[in-house]
Amino acid sequence: MCVTGGAFGGNRGLRPVPPEKGIFPLDHLHECDLEKKDYLNCLKSSGHKSDKCRVFSKKYLECRMEKNLMAKQDMSELGFGKESDGEISAENNDGSINKRS
């Protein structure tokens, strides 16, 4: 009898390959908690429409890069265009968001 799988049916002979992106240290020291909370609050208030919260998402990613919690990359590689292309949302002083055009 030849057994090729593990106890739960998995193949024990192959090594897992990590994804290219998505591997970065967790924020154990809560260095970017404010940015994370702003983003999550925006998602809640906008009915989980992430396009309305892009400015908060960008701030969160910038914080993670500044604190060496993820590799530094150009924001255009992460889906954020230049501010002049009209895609970036602007945040008002009261926390509401307006779309630039």
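Predicted model: local features only at pLDDT ≥ 70, side-chain atom pairs only at ≥ 80, totals over all residues.
Which handedness does the disulfide of Cys-42 and Cys-53 have?

Of the 101 residues, 23% count as buried. The accessible surface comes to about 8000 Å², with 53% of that belonging to carbon and sulfur atoms. If you look at contacts between residues at least 6 apart in sequence, 44% of them join residues at least 24 apart.

Now turn to residues 32-66, where UniProt, in an unreviewed entry, places the feature "domain: CHCH". Helix α1 covers 33-45 and helix α2 covers 54-66.

The disulfides come next, and the count is 2. One of them joins Cys-42 to Cys-53, with an S to S distance of 2.1 Å. Here is the reply to the opening question: the torsion about this S-S bond is about -90°, so the disulfide of Cys-42 and Cys-53 is left-handed. Cys-42 sits in helix α1 and Cys-53 in the loop between α1 and α2, 11 residues apart. Both partners are buried, because Cys-42 has 8% relative accessibility and Cys-53 has 0%, and the cut-off for buried is under 20%.

The other disulfide is formed by Cys-32 and Cys-63, whose sulfur atoms are 2.1 Å apart. Cys-32 lies in the segment before α1 and Cys-63 in helix α2, so this pair ties together parts that are 31 residues apart in sequence. Its S-S torsion is about -90°, so the bond between Cys-32 and Cys-63 is left-handed. Cys-32 is buried at a relative accessible area of 1%, and Cys-63 is buried at 5%. Counting bonded cysteines along the chain, the disulfides follow the pattern 1-4, 2-3.

Finally, have a look at two serines in the loop between the helices. Ser-46 is placed there and counts as buried, at 16% relative accessibility. A polar atom of the Ser-46 side chain lies 3.3 Å from the backbone oxygen of Leu-43. Leaving aside neighbours within four places in sequence, Ser-46 is in contact with Lys-52 and Cys-53. Ser-50 is in that loop too, but counts as partly exposed, at 43%. With neighbours within four places again left aside, Ser-50 is in contact with Tyr-39 and Leu-43. From Ser-50 to Tyr-39, the C-alpha to C-alpha distance is 9.0 Å.

Conventions:
Residues numbered from 1 in each chain as written. Heavy atoms only, no water. Helix = DSSP H or I, 4+ residues; strand = E, 2+ residues; numbered from the N terminus. Buried < 20%, exposed > 50% of the residue type's maximum accessible area, 1.4 Å probe, protein only. Polar contact = N/O pair within 3.5 Å; in protein donor to acceptor, adjacent residues only side chain to side chain. Contact = heavy atoms within 4.5 Å. UniProt positions renumbered as here; feature names shortened; annotations may be inferred. Areas by Shrake-Rupley, 256 points an atom, 1.4 Å probe, with all protein chains shown as cover. Disulfide = S-S within 2.5 Å.
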